[in-house]
Amino acid sequence: QVQLVESGGGLVQAGVSLTLSCAASGSIYRVDSMGWSRQAPGKQRELVATMYSSGYTNYADSLKGRVTISRDNAKNKVYLQMNSLKPEDTAVYYCRLGQDGRLYWGQGTQVTVSS
C-alpha cells in the first residue's frame with residue numbers, strides 16, 4: 001500500500017504564491033510519476049502537473065507559467081509551487097503517484113483563493 005499526505009493548502013488572497021507538499025510512504029519501490037490534480041466545486045478533476053521518473057514534466061495548458069512541480073526523490077516528496085493565484089484556482093488539490101501501472105491518490109488539501 002502507498003499513502004500520500006498533502007499539506008500546505010489554506011485560504012489565501014489573490015495574487016500570492018503558495019507551495020503544496022505531498023509526502024509518500026509505504027510500499028514505494030519504483031515510482032513512475034508523481035503529480036497533482038485538482039477538483040473545483042461542481043467540476044471534474046483535472047490534471048495540474050506531473051513529473052516522471054525521467055525528469056520530464058508536463059503541465060495543464062491553463063496553468064503553464066504559473067505553477068512549478070518539483071520532487072525530492074530521496075524523501076519521496078513532491079511539491080507544487082503556484083504563483084499569482086486567482087479565485088478560479090480554488091479547488092481541492094490531490095497528490096498522485098503512479099507505480100507499476102497503478103495510480104494512488106492522497107486525500108487532498110483545500111486551496112481557497114479570495115478576491
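Colleague: Which range of relative accessible area counts as partly exposed?
Modeller: Buried means under 20% relative accessible area and exposed means over 50%. Partly exposed is the class in between. In this predicted model, Glu46 has 33% relative accessibility and therefore counts as partly exposed.

Colleague: Glu46 meets which side chain in a salt bridge, and is that partner buried or exposed?
Modeller: The N to O distance of the salt bridge is 2.6 Å, and the partner of Glu46 is Arg38. Arg38 has a relative accessible area of 9%, which is under 20%, so the class is buried.

Colleague: How many residues apart are Asp89 and Arg66?
Modeller: Asp89 and Arg66 form a salt bridge, with the closest N and O atoms 2.8 Å apart. Asp89 lies in the loop between strand 8 (77–82) and strand 9, and Arg66 in the loop between strand 6 (57–59) and strand 7 (67–72). The pair links distant parts of the chain, and the separation is 23 residues.

Colleague: Which residues are linked with Arg38 in a network of salt bridges?
Modeller: Arg38 pairs with Glu46, and Asp89 pairs with Arg66. Both Asp89 and Arg66 are buried. The network links Arg38 with Glu46, Arg66 and Asp89.

Colleague: Which parts does the salt bridge between Asp100 and Arg30 tie together?
Modeller: The closest N and O atoms of Asp100 and Arg30 are 2.5 Å apart. Asp100 is partly exposed at 37% relative accessible area, and Arg30 is partly exposed at 47%. Asp100 lies in the loop between strand 9 (91–99) and strand 10 (102–105) and Arg30 in the loop between strand 3 (18–26) and strand 4 (31–39), so the pair ties together parts separated in sequence by 70 residues.

Methods:
Residues numbered from 1 in each chain as written. Predicted model: local features only at pLDDT ≥ 70, side-chain atom pairs only at ≥ 80, totals over all residues. Heavy atoms only, no water. Salt bridge = Lys/Arg side-chain N within 4 Å of Asp/Glu carboxyl O. Helix = DSSP H or I, 4+ residues; strand = E, 2+ residues; numbered from the N terminus. Buried < 20%, exposed > 50% of the residue type's maximum accessible area, 1.4 Å probe, protein only.
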